[in-house]
Structure formats: C-alpha cells, structure tokens
Number of protein chains: 2
Amino acid sequence: MKGNIVVGQSGGPTAVINSSLAGVFTGAKKLGVKKIYGMVHGIQGFLNENLVDLSEQIKDEADVELLKRTPSAFLGSCRYKLPKIEGNEETYDKIFEILDKYDIECLFYIGGNDSMDTIKMLSDYGASKGKNQRFIGVPKTIDNDLPITDHCPGYGSAAKYIAASLKEIIRDNESFGVEKPTVTVVEIMGRHAGWLTAAAALAKGEDCSGADMICLPEVTFDMDKFIGKVKELAEKKSSVVLAISEGIKLEDGRFVCELGDGSDYVDAFGHKQLSGAAVVVANKIAAATGLKTRAIEFSTLQRAATHLASMTDISEAFQVGYAAVNAAEDGKTGMMIIIERKGQDPYQSGIGIYDIHAIANVERSVPLEWITEDGTQLSKEYIKYARPLIMGELQPLMVNGLPRHLVRK
Amino acid sequence: MKGNIVVGQSGGPTAVINSSLAGVFTGAKKLGVKKIYGMVHGIQGFLNENLVDLSEQIKDEADVELLKRTPSAFLGSCRYKLPKIEGNEETYDKIFEILDKYDIECLFYIGGNDSMDTIKMLSDYGASKGKNQRFIGVPKTIDNDLPITDHCPGYGSAAKYIAASLKEIIRDNESFGVEKPTVTVVEIMGRHAGWLTAAAALAKGEDCSGADMICLPEVTFDMDKFIGKVKELAEKKSSVVLAISEGIKLEDGRFVCELGDGSDYVDAFGHKQLSGAAVVVANKIAAATGLKTRAIEFSTLQRAATHLASMTDISEAFQVGYAAVNAAEDGKTGMMIIIERKGQDPYQSGIGIYDIHAIANVERSVPLEWITEDGTQLSKEYIKYARPLIMGELQPLMVNGLPRHLVRK
C-alpha cells in the first residue's frame with residue numbers, strides 16, 4: 001500500500017471495539033503503511049477533518065494490549081448517518097476531497113448496520129465517480145444482528161457479562177428464601193433482535209437454575225399470560241428471576257416500555273429510545289401478586305464491561321480489524337469482513353469477506369426455531385451457538401486496584 | 001473445644017460473606033471441632049432447627065476455594081430481628097434449647113448492625129441465665145457502617161465494583177462527544193451512610209476524570225444548587241457523570257427518591273425501602289437542561305459481583321471468620337471481631353476483638369472532614385483510607401465461560 005489509511009468507529013460502543021482498532025493498527029503497521037489516521041467521532045468528525053495520527057496515540061506493544069482492554073470507542077463514536085447520495089453530492093465530494101488531501105487510500109469503518117450503510121454509500125459513490133479509494137467494513141455490534149457473518153464482535157463479551165451478572169443476581173435473589181420471596185426483572189438491551197437477551201440462557205448450569213423466563217422481541221409479549229406464569233412460578237419458588245428485552249412488544253405493536261413513562265425521543269437513525277420495560281413489568285407483577293419486585297437494567301455496563309470481556313471475542317475482534325487491512329491491500333472494496341464458523345467441538349472460526357450490499361440495512365433476528373415453543377426459553381441450538389463466544393478471559397491490567405484504560409491524547 | 005459450633009449469615013449479602021464462612025469452617029476444622037453446623041436462613045432458620053452439617057457441604061479444599069468465590073449467602077440469609085428480651089423469653093429459651101439439643105458451644109453470626117444486635121441479645125440473655133454458650137459476631141456489610149472496626153469485610157469488594165464499573169460507564173458516556181452530550185446519574189446503595197457512594201471517588205485517576213459530583217447522605221441535598229452545577233458542567237463538557245446515594249435527603253428531611261413514585265414499604269428492621277433517586281434526579285436534569293440523561297442503578301450487582309472482588313477484602317473476610325473461632329476457643333463471648341489498620345504504606349491490617357455492646361446499633365457515617373467543602377467530592381484522606389481495601393484480585397474459577405459458584409446441597 002503506497003498511501004495512507006484512515007479508521008473510524010461508529011454507533012454504540014462495545015467492550016471490544018478497540019480490539020478491532022488494535023487489529024487495524026497492527027495490520028497496517030505490519031504492511032508498513034505510512035500514516036494510520038483515526039477519525040475522531042467517526043465520519044462526522046472526518047467531515048470536520050478531526051483526525052489523529054494513531055502512531056502518536058499507540059506508542060508500543062504495551063499500548064496495543066491496553067487498547068484491547070479499553071472499553072468504549074477509543075477514537076470517539078458518532079451516530080451520524082450519511083444522507084442519500086442524490087441531492088447530497090457535496091457531502092460525498094467533501095469526503096473524497098479530504099481523502100485526497102490526506103493521501104488516504106483505504107477507509108475502514110468499525111460498526112454495525114448503520115455503519116455498513118456508510119461503507120456501502122461511500123464505495124458506491126467512489127465507484128460511480130471512478131475513484132481509487134477502497135472502503136472496508138469491520139463488523140461490531142453487541143446486538144449481533146448483522147447478516148452473513150456467523151456472529152459479530154462485541155456480542156460474545158456482552159453475552160458473557162449478561163450471563164455472569166445474571167448468575168450473581170440469581171444467587172443474590174435467592175438469599176432470603178421463603179421469608180422474603182422476590183421477583184426480579186432484568187432488562188437487557190436489544191431494540192428488535194433478541195440476541196443479547198437470549199444470552200441470559202447461558203447462565204443456567206450445574207450451579208445455577210437460570211432465568212425463569214426469557215422474553216425476546218421476536219416473540220409477541222402477552223402481559224396477562226406472562227403475569228399468570230409469574231404467579232405460578234412464585235407459588236413454587238421463593239426466587240423468581242425474569243430476563244426481558246427492552247424491545248418486547250404487545251400484540252398491538254406497542255412497546256411494553258411505552259406503558260410506563262416511555263418518551264418518544266427518536267435518534268438520528270430513526271430509532272425510538274427505549275427504557276423502563278423492566279420497571280413497567282415489575283410494577284404489573286407487584287400489583288398482581290403483592291410480592292416484592294425489583295427491576296434491574298444492565299444499561300451501558302453490558303456494552304462497556306471490558307473487565308469481563310470474552311477472550312474469544314477480543315481475539316476475533318482483533319482478527320477482523322487485521323484482516324480488513326489485508327483485504328484492502330489485496331484491492332478489495334465495498335465489502336465487510338465476516339466471521340465463519342469452521343468447527344464446533346472444538347470451536348474454530350475463520351475470517352472471510354462479503355459484499356457490503358448483502359449486509360447493509362439487513363437485520364438478523366434470533367431464529368424462531370431457537371426459541372422454545374412457549375416462547376420463554378432458548379433451545380440447545382442457541383446454547384451450542386453462543387457458548388463458544390463467551391469462552392476465555394483476557395486479564396485486565398490492574399492499576400491501583402482498577403482496570404487500566406488507554407486514553408486518547 | 002469439646003462441643004459443636006453453629007454459624008449463620010444475616011442481612012444483605014456481600015461478595016465476600018462466604019469467605020468469612022470459609023474462615024469459620026477452616027478455623028473450626030483446624031481445632032478439630034466435631035460438628036460445624038450452618039443455620040439455613042440465619043437465626044430465623046435456626047429457630048426452626050433448619051441446620052446443615054457444613055462438612056457435608058464443603059467436601060475439600062477446592063470447595064473452600066469455590067466458597068470464597070461464591071456471592072450471596074451460601075447458607076441463606078434472613079432479616080429477622082430478635083424481639084426484645086422482656087416478655088419474649090420463650091424465643092430466647094427456645095434458642096438455648098436448640099443449642100443444648102445439638103451440643104452447640106459457640107454461635108457465630110456473620111452480619112452487620114442488626115446481626116450484631118442479635119449477638120448482644122443472645123450473649124446478654126445467656127449471661128443472665130448462667131449459660132455456657134459463647135456468641136461471637138463476625139463483621140460483614142457493604143455499607144461499612146459498623147463502628148470500632150477500621151472497615152467492614154464486604155466494603156472493599158463493593159467499592160472495587162463501583163469504582164471499576166463507574167470507570168467503564170464514564171468511558172462509555174464520553175463516546176459520542178459534543179454531538180450527543182449526555183448526563184448520566186449513577187445511583188449507589190447506602191441508606192444513611194455514604195461509604196459506598198464515596199467509593200465513586202476511587203474511579204478518578206490518570207486514565208479517568210472521575211465522577212463530576214458525588215453526593216452522600218451525610219450532606220443535605222440542595223436540588224436547585226445541584227441542577228445549577230450540572231448546567232455549568234454541561235456547558236463545559238459533553239459528558240457529565242454524577243454519583244448519588246440512594247439515601248440523599250432534602251433539607252426538609254424527605255428522601256429525594258420520595259419525589260418520584262417512591263413507595264413507603266418498611267422492612268422488618270424498620271428501614272424504608274428506597275429506590276429511584278437517580279431516576280428522579282435524571283428527570284429533573286432533563287427538564288432543566290434539555291440534555292439527554294440516563295439513570296443507572298448498580299442495584300444488587302454491587303453486593304453480588306464476586307467476579308470482581310478485592311483480594312484484600314476476601315482475605316480479611318476469611319481472617320475475621322477464622323479469628324472468631326479462635327476467640328471462642330479462648331473463652332471470649334459477647335464480642336465482635338474487628339479489623340485494625342496496622343500500616344498504611346504498605347497497607348497492613350491486624351485482627352482484634354471488641355465488646356459487642358459498643359458496636360450493636362451504632363452506625364458510623366463518613367467523617368464530614370473527608371467530604372470537600374462544597375459537599376460534592378471526597379478528600380485525599382478518604383482515598384488514602386479506601387484505596388488499600390480494593391487492591392488485588394482472586395481469579396474466579398471459570399467453567400463454560402462463567403464464574404463457578406458452590407451451591408448448598
């Protein structure tokens with residue numbers, strides 16, 4: 001590669017999004033790329049020429065290791081959506097002007113569905129104008145909802161955090177026994193796809209009875225039936241723990257959280273901001289049963305808890321970043337790096353690449369056949385799929401009793 | 001010791017309450033105690049003769065290690081408060097009957113303020129009736145509000161979880177920068193004492209700007225002044241993170257959470273159930289500033305996250321349990337084991353013992369001189385006090401990608 005490269009991070013951060021950045025950086029260093037630019041706050045920052053020289057940020061191999069252990073987007077993220085090309089050519093021309101100005105040959109964007117749309121638009125526009133720059137997507141999303149790839153970097157670590165924390169919550173919930181029966185409702189992220197909530201199923205094992213019900217957005221939420229089942233459960237056991245997705249919906253299409261004081265705030269991508277489904281459900285249960293209830297939201301911790309990241313996930317996140325640079329070196333553009341499952345027992349994965357047009361703007365849900373018939377648990381097939389993704393740990397570097405992070409200068 | 005012993009766990013569990021149980025068990029085994037009974041669900045279970053033989057539960061040294069790494073009360077906990085002696089002699093007589101029946105010479109109770117009251121009452125009643133049994137309290141509380149002891153087992157691990165999670169939350173909150181300024185309000189446990197919330201101050205360091213304000217129940221909460229400061233902060237920085245105690249109160253004595261939909265549920269110890277202070281504050285901030293706000297509660301995770309426990313804490317929790325058995329062997333009764341700070345740099349602690357009458361029903365708050373003049377940060381003296389308590393880690397035993405726990409048979 002003769003020119004320079006630029007890499008950006010976009011959308012909700014994950015525990016391992018910086019491991020992909022470390023992969024891009026390491027891959028580019030190996031290839032002898034002159035300048036490795038980072039966009040500060042994604043394509044939005046890029047439009048303002050807000051760039052850093054990553055070699056000045058990541059000084060040595062110890063910094064690379066720290067970067068892998070640093071949560072949230074090291075470069076800063078954005079939720080800026082590129083406008084459609086027609087009528088907005090000046091935005092696209094500006095991006096290519098900046099690419100030319102900084103002699104940037106390849107642009108890498110680490111993100112989810114919306115970010116892959118950015119890669120698609122830029123590569124389409126470049127192709128239509130006969131430009132030479134290449135554009136490669138690096139998958140990242142705790143939501144695990146990108147198609148084609150077996151799974152998405154970020155998901156394994158979020159799943160590990162959710163399952164481990166749920167085990168601790170269940171143990172805590174059991175502590176008072178029949179003296180103080182408690183129903184705890186745990187709310188897990190995921191607007192439309194239930195992958196994250198499904199991870200609650202991983203908590204179950206020899207030492208944990210698991211969540212009593214797991215409710216995904218893929219299954220219509222029937223409040224009366226649900227409350228009826230909670231009543232039955234509470235008659236049989238003193239500790240009931242329920243895992244629900246923030247995105248569960250009633251048959252009439254309303255989100256459960258809208259039954260509370262849910263706001264109508266809509267973000268730049270047209271997503272409705274959701275919160276409070278657990279509070280709504282916990283209040284309904286309390287009113288129906290008189291039992292003590294508790295609502296717990298994992299909130300941003302589920303995407304930021306790098307201290308409990310999965311080694312498999314960190315490693316694959318690094319690999320997709322590394323592979324992206326090599327794909328660009330090979331002349332690829334308008335594509336996203338994907339993870340392929342090569343073996344199940346023992347688990348093995350490989351890295352591939354796929355046309356971005358088949359990926360951008362497509363959301364993959366949890367297959368309905370992986371949800372049990374009553375809609376409240378996951379099948380063995382899901383466990384088989386997800387278990388390998390949460391395996392292994394990468395020890396944080398502890399300083400003063402706390403995990404150390406790398407900070408952008 | 002010729003007779004048997006019994007040990008119970010009481011009150012809110014902690015990440016290391018089972019390490020103290022492991023200490024009692026190991027100490028008793030070393031002394032050759034015949035039967036080591038465990039009360040299932042504390043003194044309440046004991047009154048129903050709900051006992052287990054701990055040697056059948058903890059089979060070998062690997063089980064002891066697993067027990068140290070198991071959150072929540074292994075034996076089950078209770079919030080049962082012994083009635084006052086006058087007029088309730090039959091309850092006390094029943095306890096001593098059961099002690100005699102099982103040839104129990106010493107009773108150990110792992111708990112906080114209310115549990116120490118149980119030790120006081122039982123030892124007072126036994127003394128008044130010329131009984132031979134001994135009663136020793138083993139300190140445990142994430143609230144860190146027991147007097148005399150330098151600190152309480154359970155606090156260090158909760159503080160470590162709070163500070164580490166807050167660092168991750170702050171990183172996440174910074175990810176979108178000026179494009180999407182966000183004010184996050186983190187609610188931390190602690191009805192009357194601010195020790196847990198103070199732990200937010202430990203997050204600050206070379207790689208973290210820390211919480212922008214830390215509000216403890218020791219300082220009257222002035223909503224208008226607070227909102228004014230948040231406005232000032234939000235003008236200067238795009239990410240504002242505030243740590244508040246669940247127990248912050250207005251000048252008129254009302255809890256801040258009561259301004260929301262706070263319920264009036266009162267537990268068996270007369271404690272009002274609190275929740276939702278962060279939601280109340282976040283809504284007020286949103287209304288006053290128009291900024292995006294988020295409320296996060298650590299909820300039960302802060303007392304159950306054994307996966308991130310402090311090695312110092314686990315070790316001291318073990319030691320106080322172990323020492324309790326040896327104190328009873330030496331004929332002590334009506335006392336609680338305490339931790340004494342022997343050295344600061346390097347930190348060293350020693351184990352002592354103290355009259356339970358000076359401890360039961362006394363709550364220790366954060367010294368006001370450790371809170372900065374404006375009431376929103378902690379002083380260096382607090383950091384000096386708390387930092388050693390969060391140092392070190394004890395690796396969980398990971399099975400199938402998750403921390404393994406020991407389960408009561």
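Predicted model: local features only at pLDDT ≥ 70, side-chain atom pairs only at ≥ 80, totals over all residues.
Residues are numbered from 1 along each chain as its sequence is written, chains are lettered from A and ligands numbered from 1 in the order in which they are written, and side-chain values use heavy atoms, with hydrogens and water left out.

Strands β1(A) and β2(A) pair in the parallel sense over three bridges, where two strands pair if DSSP finds at least two bridges between them; strands (E, at least two residues) and helices (H or I, at least four residues) are DSSP runs, numbered from the N terminus. On its other pairing, β1 (residues 4-9) of chain A is joined by six bridges to β4 (residues 104-111) of chain A, and these two strands also run parallel, with A:Y109 in β4(A) as the bridge partner of A:G8. These strands belong to an open sheet of seven strands in chain A, in the order β3-β2-β1-β4-β5-β10-β11, whose pairing is mixed. Because β3 (51-53) and β11 (347-355) of chain A stand at the edges with a single partner strand each, one side of each is left without a neighbour in the sheet. Neighbouring strands of this sheet are turned by 30° against each other on average, direction ignored.

In a regular strand the side chains alternate between the two faces of the sheet. In β2(A), A:I36 and A:G38 point one way and A:Y37 and A:M39 the other way, and all are buried, which here means under 20% relative accessible area, with exposed over 50% and partly exposed in between (1.4 Å probe, protein chains only). Helix α1 (residues 17-31) of chain A lies across β1, β2, β4 and β5 of chain A, running at about 175° to β1(A); axes are lines fitted to C-alpha atoms, for helices over the stretch in contact, and angles run from 0 to 180 degrees between N-to-C directions.

In chain B, B:D313 has its place in helix α12 (residues 311-329), and it counts as buried because its relative accessibility is 2%. Leaving aside neighbours within four places in sequence, the residues in contact with B:D313 include B:V16, B:Y155 and B:L389, contact meaning heavy atoms within 4.5 Å. The C-alpha atoms of B:D313 and B:I390 are separated by 7.1 Å, although these residues are 77 apart along the chain.

Some backbone details also deserve attention. Most residues other than glycine have a negative phi, and most peptide bonds are trans. A cis peptide bond, however, joins A:D345 and A:P346, with omega about 10°, and A:P346 is found in the loop between β10 and β11 of chain A. B:S299, which is not a glycine, has a positive phi near 45° and counts as buried because its relative accessibility is 7%.
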